Amino acid sequence: MRIRAKELTGASLDWAVAKCDGVNLEAFTLYYHPTEPDDLDCHGFPEFHYSTVWAQGGPIIARENITIIRANNDYVDGKWMPNWFAETDQYVGHSASESYEHQQMNPTFMISAEDGMYGPTPLIAAMRAYVASKLGVEVDVPEELLK
């Protein structure tokens, strides 16, 4: 099923990250949907939690030079929730530019809302940005992962 990267969450987001990282997707699918109750014990597949476990998502953030910042809060279910923004490093190798105040600025730190992704946590925002940078703004995800 085709889904926008900005809407990926949970297993579907972790699956898309695994796809970007070249993980055996059959192993991933068996982890989330074993055909037998003891399949996990038999195959010893690793757990995939890129969007919730810093030990898995953090190295991707460092390797891909993903920038994460706190964005505006969202009003969800009657309360204010933090919102995060992340984008991949698209400006490496470009020369410095000049600001309106005529100060030299390194474009690596220039952030464009058009090129990034939002999320309720830093990891979710970063993993959405990673997926969008590798697979595009729409991703084909197995339908069983969207349930």
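These questions and answers set some values of the structure above against the definitions behind them.

This is a predicted model, in which local features need pLDDT of at least 70 and side-chain atom pairs count only at pLDDT 80 or more, while totals for chains, interfaces and linings use all residues. Residues are numbered from 1 along each chain as its sequence is written, and side-chain values use heavy atoms, with hydrogens and water left out.

Q: What makes the span of helix α5 agree with expectation?
A: The expected span is 1.5 Å times one less than the number of residues, and for the 14 residues of α5 (residues 122-135) this should be 20 Å, which agrees with end C-alpha atoms that are 20 Å apart.

Q: Why are α1 and α5 called oblique to each other?
A: Angles under 35 degrees count as roughly parallel, over 145 as roughly antiparallel, 65 to 115 as roughly perpendicular and the rest as oblique; helix α1 (residues 10-20) and α5 pack at about 45°, with their axes 9 Å apart, and the two are therefore oblique.

Q: What makes phenylalanine 48 and tyrosine 50 an aromatic pair, and which kind is it?
A: Rings of Phe, Tyr and Trp (its six-membered ring) pair if their centres lie within 6.5 Å, with planes under 30 degrees apart stacked, over 60 edge-to-face and the rest tilted; phenylalanine 48 and tyrosine 50 lie 6.4 Å centre to centre with 40° between the planes, and the pair is tilted.

Q: How do you know that the charged end of arginine 70 sits over the ring of tryptophan 84?
A: The rule asks for NZ of Lys or CZ of Arg within 6 Å of the ring centre and within 35 degrees of the ring normal; the charged end of arginine 70 is 5.8 Å from the centre of the tryptophan 84 ring and is counted as sitting over it.

Methods
Helices (H or I, at least four residues) and strands (E, at least two) are DSSP runs, numbered from the N terminus. Axes are lines fitted to C-alpha atoms, for helices over the stretch in contact, and angles run from 0 to 180 degrees between N-to-C directions.
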